[in-house]
Amino acid sequence: WVVDAFRGPHKLRRNRVIYRQGEHVTDGESALYLLEKGCLEASAATQTAGQSQNVCVASYERPGQMVGERALLHDCPRAVTVTAALDSVVWTLDRETFRSAARTAATELRRRHGQLVAASE
């Protein structure tokens, strides 16, 4: 169910900022990004000798890798800035769609368990 809820594909040009460190996800905004192809880089702002600079903390190159899980599951600011390091293709999922799909999946799982218990009696 959750897999069917992803939207896309979305083509991103090289150097496109997907989201910035410190931003909050708003209703309906994409929270999670699933990489189909390309490369995404996560960078974090650091302070060194009184100067701010962005440092690459992770690179996502394999199809199926995801970024944005924290924002999907929790109402917290983005921990990093994510940029398309190459032309890339991603699929997206917003928080409300995820929650709805998860509720549907949980309801279906309870229904199946009920059927299994009833059949075993």
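C39 is buried in this predicted model, with a relative accessible area of 5% (buried, under 20%; exposed, over 50%; partly exposed, in between; 1.4 Å probe, protein chains only). C56 is partly exposed, at 44% relative accessibility. The sulfur atoms of C39 and C56 lie 8.1 Å apart, too far for a bond. The structure accordingly holds zero disulfides (cysteine sulfur pairs within 2.5 Å).

The model is predicted: local features require pLDDT of at least 70, side-chain atom pairs pLDDT 80 or more, while totals for chains, interfaces and linings use all residues. Residues are numbered from 1 along each chain as its sequence is written, and side-chain values use heavy atoms, without hydrogens or water.

S30 belongs to strand β3 (residues 30-37); strands are DSSP E runs of at least two residues, helices H or I runs of at least four, numbered from the N terminus. The S30 side chain makes a polar contact with that of T92, at 3.3 Å (N or O atoms within 3.5 Å, one able to donate a hydrogen and the other to accept it; sequence-adjacent residues count only through side-chain atoms on both sides). Beyond four places in sequence, S30 also contacts V25, R78, L93 and D94, among others (heavy atoms within 4.5 Å).

The largest pocket has a volume of about 190 Å³. A pocket is an open set of 1 Å grid points where a 1.4 Å probe fits, with protein on both sides within 12 Å along at least five of seven lines; lining residues have an atom within 4 Å of a point. Volume is the space filled by probe spheres on points joined across faces, edges and corners. Of 14 lining residues, Y19, G68, E69, R70 and V80 lie nearest the centre. Helix α1 (residues 69-73) supplies the largest share, three residues.
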